[in-house]
Amino acid sequence: MPALVNYGGDDFYSGDSFYTNSTDLGRLCSISSQVDVYCPPRKRVRISAPFLFGETEFEQNKQPSIDVLPDECLFEILKRLPGGRERSSCACVSKHWLMLLTSIRKGEYESSKVVKENIDSVSDDVEIISSDVDDGHLTRCLEGKKATDMRLAAVAVGTSGHGGLGKLSIRGNSSSCGVTNFGLSAVARGCPSLKSLSLWNVPHVGDEGLSEIAKECHLLEKLDLCQCSSVSNKGLIAIAENCPNLTTLSIESCPKIGNEGLQAIGKLCPKLQSISIKDCPHVGDHGVSSLLSSASSVLSKVKLQGLNITDFSLSVIGHYGKSVTNLMLSGLQNVSEKGFWVMGNAHGLQKLVSLMITSCWGVTDVSLEAMGKGCTNLKQMCLRKCCFVSDDGLVAFAKSAGSLECLQLEECNRVTQSGIVGVLSNCGLKSLTLVKCMGIKDISLGAPLSSPCNSLKSLSVRNCPGFGTGSLAMVGKLCPQLLHVDLTGLYGITDSGLLTLLESCEAGLVKVNLSGCLNLTDEVVLALTRLHGETLELLNLDGCGMITDASLVAVADNCVFLSDLDVSRCAITDSGVAALSHAEQLNLQVLSFSGCSGVSKKSMPFLKKLGKTLVGLNLQRCNSISSQTVELLVESLWRCDILF
């Protein structure tokens, strides 16, 4: 029963009754004759009009009565909530209550002596951004305008009843205020189980927020900082001092982070396995060398990009990188030939399996050979925009790197056809990729070709305009066991050149990508399906404008295991679609007719028949098909993802 009690003074309480029956109320009145009790009618839960008390007029507060309590009292009440369901319900009352709830650490709930934490409660009231579960903990991702302090606070409260937040990714929006230290602090207090934190483009999050994470989330294993302009060495040092389980650290475009923070990480994080540092102007030799020399025992993945480091850092990698298996170096303009040479000759990278180097002027023929000799277990090598590497250095590297299996060259314009032949003749490569290598041209080699490279299974030559008929014939003779061929963008090749390659492949091609080969005709597809139809699984003819329905008829007649077919921007009509649908042995899963104006609504019955096995169908820019027709097709092929 609502009641107002006055103890002869000016203080009063307005709200629910302290006592639930008249007996208790009588006991209260017997204590003192100065006590006056005002009892409004039972129907009214609160007084909506002014009333007289003694001889003074009062106006009842229009706020709910519990809000009259100071925050200290509300804090004590909310701290005693039994579980996640109740906390989430209270969080939905007002922003004030939500903020109070986020100020309570999870340990303070558990230490309450009033009610034991109900760990099995489930929260359904607070908005959750995602519903993934990772290693028994929840995963949340906030992006763009949804990345705000209020949503972070809701996540911190709502996930407590689900077993705790394990992974949090925040991708901010520079156009709005977004997440600040307050939101990150709320996560720190409410989610001590956090193991992975990713912060992208959150300029208002600084050392204070990151320090709160370090103080409360001692289980943190992965930290990703990108474009965090307010985070400095202080925040990184706090992570190093409080998160000994850190295994993965990625820092990109953080201008205030420098050598001091990396030194602390190296000394205090003994479990660090992966480090990535990109475009941090204050990171130099001192920080990189200290990090690598201190964390060398288990550090296996290293990525250094766009840093002001010199030969000294690479010599440290060569001496102390005994556990490094993956190394990526990019845009290191201050590293000379000597740095890469020392890194190779130090013989410390014995476990290195994958090496990727991009836009480093210090990579020359001499240093490349040294790296081949020093990295005896190297299996994958990628060179991008290394303009000083020529045929001599490439062949010397291939001879010295005896374990090499995969080689990728991109925009290495001093490499010619002679260097490619030398590589294939001197190592057991399984995969060769050439991208935009303008130095490769069709030339007649004076010396006869050496013994074939039977180990090569995959050949990818993309956008190398000089790679033509002669080069294809050469590859066909050298590599008879090819399974995968990708010739994207080779508009210079013709039917005769490709036929030579197809006839030389003895093992049976599995994947063939001829996208952008403008001069190919149906003759190539007929030969391909006749020679390799029993093994072919993927065929991409996107942009081959001279391919017609005859090719689809050949595919329907000869291909048994084909699951992925792309004839976008080809001269395909309804007749070709009909031929495909009549092939009983075909089980296509992905089919693309994008840009085929000859395909119309007449193909709908054939597409429905093909749709029994399809999971993906691309009809974009098929101008002869109306949206209404596609809608009917979507209803029939509800299992298939249709693009239109």
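Which residue does Lys278 meet in a salt bridge? In this predicted model, in which residues are numbered from 1 along each chain as its sequence is written, local features need pLDDT of at least 70 and side-chain atom pairs count only at pLDDT 80 or more, while totals for chains, interfaces and linings use all residues. Side-chain values use heavy atoms, with hydrogens and water left out.

The partner of Lys278 is Glu252, with an N to O distance of 3.6 Å between the side chains. A salt bridge is a side-chain nitrogen of Lys or Arg within 4 Å of a carboxyl oxygen of Asp or Glu, and the structure holds 6 of them. Lys278 lies in strand β12 (residues 274-278) and Glu252 in strand β11 (residues 248-252), so that the pair links distant parts of the chain, 26 residues apart. Helices (H or I, at least four residues) and strands (E, at least two) are DSSP runs, numbered from the N terminus. Both residues are partly exposed, Lys278 at 21% relative accessibility and Glu252 at 24%; buried means under 20% relative accessible area, exposed over 50%, and partly exposed in between (1.4 Å probe, protein chains only).

A salt bridge also joins Arg384 to Glu410, with the closest N and O atoms 2.9 Å apart. Arg384 belongs to strand β16 and Glu410 to strand β17, 26 residues apart. Arg384 is partly exposed at 23%, whereas Glu410 is buried, with a relative accessible area of 18%. Between Glu405 and Lys379 the closest N and O atoms of the salt bridge are 3.7 Å apart. Here Glu405 sits in the loop between α15 and β17 (406-410), and Lys379 in the loop between α14 and β16. Lys379, Glu405 and Lys430 are linked in a network of salt bridges.

Helix α14 (residues 365-374) has Ser367, Leu368, Ala370, Met371, Gly372 and Gly374 as buried residues. These pack against α13 (337-345), β15 (354-358), β16 (380-384) and α15 (391-400), where contact means heavy atoms within 4.5 Å. The loop between α13 and β15 contains His347. His347 is a residue other than glycine with a positive phi, near 60 degrees, and is partly exposed at 43%.

In helix α19 (residues 522-532), Asp522, Val524, Val525, Ala527, Leu528, Thr529 and His532 are buried. The elements covering them include α18 (495-504), β21 (511-513), β22 (538-540) and α20 (549-558). Thr548, in the loop between β22 and α20, touches Asp522, Ala571 and Ile572, not counting residues up to four places away in sequence. The side chains of Thr548 and Asp522 make a polar contact at 2.4 Å. A polar contact is a pair of N or O atoms within 3.5 Å; within protein, one must be able to donate a hydrogen and the other to accept it, and residues adjacent in sequence count only if both atoms are side-chain atoms.

Helices α7 (residues 181-190) and α8 (residues 207-216) pack at an angle of about 5 degrees, with their axes 8 Å apart. Axes are lines fitted to C-alpha atoms, for helices over the stretch in contact, and angles run from 0 to 180 degrees between N-to-C directions. The two helices are therefore roughly parallel (under 35 degrees; over 145 is roughly antiparallel, 65 to 115 roughly perpendicular and the rest oblique).
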